[in-house]
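Here are my notes on this one, as numbered points. Have the viewer open while you read.

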Amino acid sequence: MYHLKCIECGAEYPKDELIYTCSKCDGLLDVIYDYSSIKLDMEKLKSECPSVWKYAKLLPVDREPVTIKEGGTPLYKCERLAEKIGIKALYVKHEGMNPTGSFKDRGMTVGVSKALELGMKTVACASTGNTSAALAIYGAKAGIPVVVLLPEGKVALGKVAQALMHGAKVLSIRGNFDDALALVRTLCSQEKIYLLNSINPFRLEGQKTIGFEIADQLGFKVPDRVVLPVGNAGNITAIHKGFREFKKLGVTDAIPKMTGIQAEGSCPIVKAIKSGAENIKPEKNPETVATAIRIGNPVNARKALLAIRKSEGTAESVSDEEIIEAQKDLARLEGIGVEPASATSVAGLKKLVDSGVVRRDETVVCITTGHLLKDPEEVIKICEPPIVVDAKIEAIREAIFGN
Ligand SMILES: *Cc1c(COP(=O)(O)O)cnc(C)c1O
Ligand SMILES: [Zn+2]
């Protein structure tokens with residue numbers, strides 16, 4: 001039992017109405033459940049391994065899901081990284097371990113299942129890369145056509161490869177992500193094509209399972225704080241909702257401080273949080289090495305600002321240099337390979353600990369959103385190249401040990 005509700009004016013809509021924003025005020029929509037009718041079996045919750053569909057009672061899908069076994073990603077205790085940052089207890093939830101290598105799979109297993117349930121025959125999205133990879137794979141599994149709009153020249157190679165290989169129709173737009181999103185929204189309003197960007201409230205329902213899993217993996221306790229990269233700002237909103245629901249249902253007894261990190265060249269949410277503004281000011285030309293969060297006009301800004309403020313969290317920006325350093329630290333201190341956007345969580349935590357905003361005795365979970373192999377070109381740019389040597393033992397000895 002669930003329906004849609006506008007977060008601005010409170011207007012309500014039935015669950016099968018084909019809308020993405022409020023038809024009265026254009027506000028964002030949220031999925032509202034009748035929590036009194038939802039009974040979670042704690043024994044079952046404690047015995048089953050985490051996965052998106054483990055929490056099906058809290059997901060808005062009324063049919064067999066389109067699934068390729070998403071979620072259930074590892075939560076690593078990171079002692080060496082914690083020591084470097086100077087914090088007592090640090091965990092990393094590595095969402096790069098999902099089927100396509102990013103958390104977008106959690107949203108798309110729900111979103112594409114919903115598309116079939118609503119009788120939609122084609123699905124589409126604009127994407128900085130990972131959304132298109134995830135939509136391509138779930139569309140393939142469901143057997144329906146996929147259209148993706150990408151900003152030309154600004155999508156990491158691994159992501160384009162996935163969208164192409166899984167059979168999506170890939171359009172490279174001469175414009176940035178915000179342009180691509182505006183275009184795909186128009187397309188989906190003109191044709192019977194289902195829009196699966198994070199403005200779609202059902203997609204975010206899948207992503208809230210990150211919050212469920214963190215609590216689950218910590219023995220149904222929550223950390224003091226969750227730190228994650230913010231682009232279109234859907235994920236921080238979704239995870240906050242997951243924690244709120246577990247608390248409402250008595251599974252846990254607290255909500256972590258939601259802490260969003262953006263890149264300096266692309267940080268409208270950070271500016272709004274720091275200035276206390278009601279809404280963001282869109283940025284025209286966002287730029288950062290972290291292409292997954294190169295977004296100047298995040299569509300879920302209003303939801304994200306609420307999530308950050310209600311949970312008493314915060315937001316911070318980091319430079320590309322800080323992002324690359326954190327990416328190397330994750331890789332070399334903990335064996336966690338991530339794409340640049342993902343490393344903003346760790347870079348941001350370090351900055352917030354150094355400045356005293358985050359206390360050193362907090363228990364913190366950083367989310368790494370996407371896998372290292374998504375963006376091999378960036379890695380080649382920032383690492384020393386391989387050493388070319390003759391196929392002779394002397395040459396190899398010299399390269400390893402010097403003279
Ligand atoms: C999509 C994505 C983000 C941003 O998530 P939002 O929900 O848009 O804020 C961050 N990192 C990676 C790797 C992503 O793919
Ligand atoms: Zn409204």
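Into which domains is the protein divided?

1. The division is into domain 1 (1-37), domain 2 (75-101 + 203-382) and domain 3 (102-200), with bounds from an automatic or database domain assignment. Bear in mind that this is a predicted model, where local features need pLDDT of at least 70, side-chain atom pairs count only at pLDDT 80 or more, and totals for chains, interfaces and linings use all residues. Side-chain values use heavy atoms, without hydrogens and water.

2. Domain 1 and domain 3 have C-alpha centres 23 Å apart. Contact (heavy atoms within 4.5 Å) links 7 residues of domain 1 with 10 residues of domain 3.

3. On to the ligand. There are 16 residues around ligand 1 (a heavy atom within 4 Å), and Lys 104, Asn 130, Asn 232, Asn 235 and Thr 369 come nearest. Domain 2 and domain 3 each supply at least three residues of this shell. By class the shell has 7 nonpolar, 7 polar and 2 charged residues, with Gly counted as polar.

4. Look at the polar contacts (N or O atoms within 3.5 Å). A polar side-chain atom of Asn 130 sits 2.7 Å from an oxygen atom of ligand 1. Gly 231 places a backbone N or O atom 2.8 Å from a ligand 1 oxygen, and Ala 233 has a backbone N or O atom 2.8 Å from an oxygen of ligand 1. Ligand 1 taken alone exposes 380 Å², of which the protein buries 97% (Shrake-Rupley method, 1.4 Å probe).

Technical notes:
Residues are numbered from 1 along each chain as its sequence is written. Chains are lettered from A and ligands numbered from 1 in the order in which they are written. A polar contact is a pair of N or O atoms within 3.5 Å; within protein, one must be able to donate a hydrogen and the other to accept it, and residues adjacent in sequence count only if both atoms are side-chain atoms.
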